[in-house]
Every structure is written in structure tokens, then in C-alpha cells.
Amino acid sequence: EVVAIGLARLYANQTASGGFTYYATMQPNFHLTLHAVNTLIELEAAEYDINHNALTRAAHYLYTTLTQTQHLSQSKDTVILAAYALLRVPGTTLSREKNDLTTRIQKITEETAYVREQINNTSLTHLAMILSRLDQLPLIVTNSKKKEIYTTLENRVDIDARGAFLGVHQGRRMWEYYETPIKDTALLLKALVADRRESPVMDKLLRWLLKSRAKDGAWGSTNNTAAVVDAMTDFLSWKRETMSDFELTLSRGTETVQTFDFGPETILKTFSAFLPVAAFTPGTIETLNFEKKNRTATAPNTFYYDMS
């Protein structure tokens, strides 16, 4: 019911040109239409009924506006974001336009200085996600080039007390796409999942995102929160972690400190245990042990922990 209400509001703000407006009396906005197209694609993937005519018209608006507006056409960032959306439009719609966009993307990947140094992180994560679909697109891009782009992404990761994150690259914030470190970090997680790419920073990215959540459970803004939930959902679908079922026991030496139960009702909860300094013997090496008893073999039963 909520989705139906939201879709009705979206459709009401679509103009005759196919673009979407913030308010009924305004001109259509390119980046807002990008968000709308991506939303309709995601909704259909989640098996909601959408208006295909509205999606097709919006897609045509994006391509026409991109190619006929000089500052948009010359912006590699904008080309990448438009290509990410339009190349996901289902079916044979926009066949000619899709071929043109893949050619543009191919040329961008060959501009080494831009990809390694100049591109902002929002665009770089979307470029990586486009290349994660090499087997589905008419792109003549080598796997080594794709690896180079993912490596560039991982090399931009910063570390702080909360974990690992992807900041705004060289201050080139993409205001039109609501770029923030939280959103970029979520997009990096989504890009890694899209390529089924195991990364040594994966757990640190997850920890940073969880530590960055405000007390109300959100990530500071609706856009940030939507990006994190989207990336986390992709990650959980890939890793099947929400299907885990196990008992975890924390002990100090041979003494049990606490037992935690992870199952359907508690799988996303965080548990903590406090050990006072007085509990440790000075001058003695003591061991903290984690013992896991799996109750299912169909999930990874992975656990994550911090000690401070």
C-alpha cells in the first residue's frame, strides 16, 4: 500500500517530456529523473507492478537530455551515472541508446588518469558496478581493466576508529547525487557484492557503517539510509548471513564469560561483554576464546567482533 502511494506521487510528477519534477510547477530535473528510473527498476526487480510506459519515457528523457545538453554530455561522471541506470532498463528498450552508452563507458575506462586520479567516488563505484556485468553487456573491456578499477576503489579506502570507509575523493563532492562518505561507503559495499568480490576490507566497511548509525537507527538522511539498507540487503542476499543459526560462547581461559545465541530472532543484534581490568592478572598472558556451535550447515554462521 505504501509503495502504491509512493508510485502514484512519482507518476504525478512526471512531465510530458518523460522527466520528473520536484514539484508540479517546476521543470523536469535530470538527476531526480535518474533516481526515479533507478527506483522503478529496483521496484520491478522486487516484483512490484510498475508503469512500463512511465519508465520508458523517463529513460528516453535521460538519454535525450544527456546527449543534447553540452555540460551533461561532457561530464564523464554524469555519463557513468546515466549509463548505470539506462543499461539496467529491462528488455530491448533503448537498444541503440544502450550501444552508444557502452561505447562511451568503454572510452572512459581507457582514460587511465581520469579513472585513477580524477573520478569522484560515487561515479567510480557506479563504473565498477557497470563492469561487474561484463557478461551481460556488449562491452569490450578486459577483466584486468575491471580489476584495476576495483583496486583503485579499494586503494581509496580510509581507516578510522570505527573501521574502513570511502570518503569524498579530493573534495570533488557530487552534490547533485547527495554524495557523502556514508553513501560512498555503502556504494563500495554494493559494488563489491555486485562482482561477488571478496575483499579484506569487507568486514571493516560493515563495521564502519554500523558504527556510523545515529541513535534513531538511521544514517543521518533518507538518502544515506536508503543507500545503506540497499547495500546491506545485497550483502545479506549474497552471503545468506540472515539464515545463520549458532551459539557463541566467550571465555577467558577456561572460565566462561558469556554465551550469545544467534538465530532468526537475534541474528542482527549486537551483544557485548565487559571485563574489568581487575579481572586480569598483571604480568600474565591470558587468552580470550570464541567457541561456536553451528545449528545449521546451510548458512556461513559468520560472526564479527570488536575488542577495545
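Modeller: Two strands pair if DSSP finds at least two bridges between them. Strands (E, at least two residues) and helices (H or I, at least four) are DSSP runs numbered from the N terminus. This is a predicted model, in which local features need pLDDT of at least 70 and side-chain atom pairs count only at pLDDT 80 or more, while totals for chains, interfaces and linings use all residues. Residues are numbered from 1 along each chain as its sequence is written, and side-chain values use heavy atoms, with hydrogens and water left out.

Colleague: In β5, which residue is the bridge partner of L250?

Modeller: Strand β3 (residues 246-252) and strand β5 (residues 288-294) run antiparallel and are joined by 7 bridges. On the β4 side, L250 stands opposite Q258. In β5, the bridge partner of L250 is F290.

Colleague: What is the order of the strands in the open sheet?

Modeller: β3 pairs with strand β4 (residues 255-262) over 7 bridges in the antiparallel sense, and with β5 over 7 bridges. β4 and β5 each have a single partner strand, so they stand at the edges, and one side of each is left without a neighbour in the sheet. On average, neighbouring strands here are turned by 20° against each other, direction ignored, using axes that are lines fitted to C-alpha atoms. The order is β4-β3-β5.

Colleague: How many residues of β3 are buried?

Modeller: Buried means under 20% relative accessible area, exposed over 50%, and partly exposed in between (1.4 Å probe, protein chains only). The strand is mostly covered, and its count, out of 7 residues, is 6.

Colleague: Is V37 buried or exposed?

Modeller: V37 is in helix α2 (residues 30-45). Leaving aside neighbours within four places in sequence, V37 is in contact (heavy atoms within 4.5 Å) with L55, A58, A59, L62 and A85. Because its relative accessibility is 0%, V37 counts as buried.

Colleague: Which residues touch the most other members of the largest nonpolar core?

Modeller: A nonpolar core is a set of buried Ala, Val, Leu, Ile, Met, Phe, Trp, Tyr and Cys residues joined through side-chain atoms within 4.5 Å. This core has 76 residues. Helix α5 (residues 76-86) is mostly covered, with 10 of its 11 residues buried, I80 and L86 among them. The residues that touch the most other members are F30, I80, L86, I130, L139 and L189.

Colleague: Leaving aside neighbours within four places in sequence, with which residues is L189 in contact?

Modeller: L189 is one of the residues that touch the most other members of the largest core. Its contacts, with those neighbours left aside, are M202, L206, L209, A231, M232 and F235.

Colleague: How far from a polar atom of the R133 side chain does the backbone oxygen of L87 lie?

Modeller: R133 sits in the loop between α8 (121-131) and α9 (143-155). Leaving aside its neighbours within four places in sequence, R133 is in contact with L87 and R88. The backbone oxygen of L87 lies from that side-chain atom at 3.4 Å.

Key
A polar contact is a pair of N or O atoms within 3.5 Å; within protein, one must be able to donate a hydrogen and the other to accept it, and residues adjacent in sequence count only if both atoms are side-chain atoms. Axes are lines fitted to C-alpha atoms, for helices over the stretch in contact, and angles run from 0 to 180 degrees between N-to-C directions.
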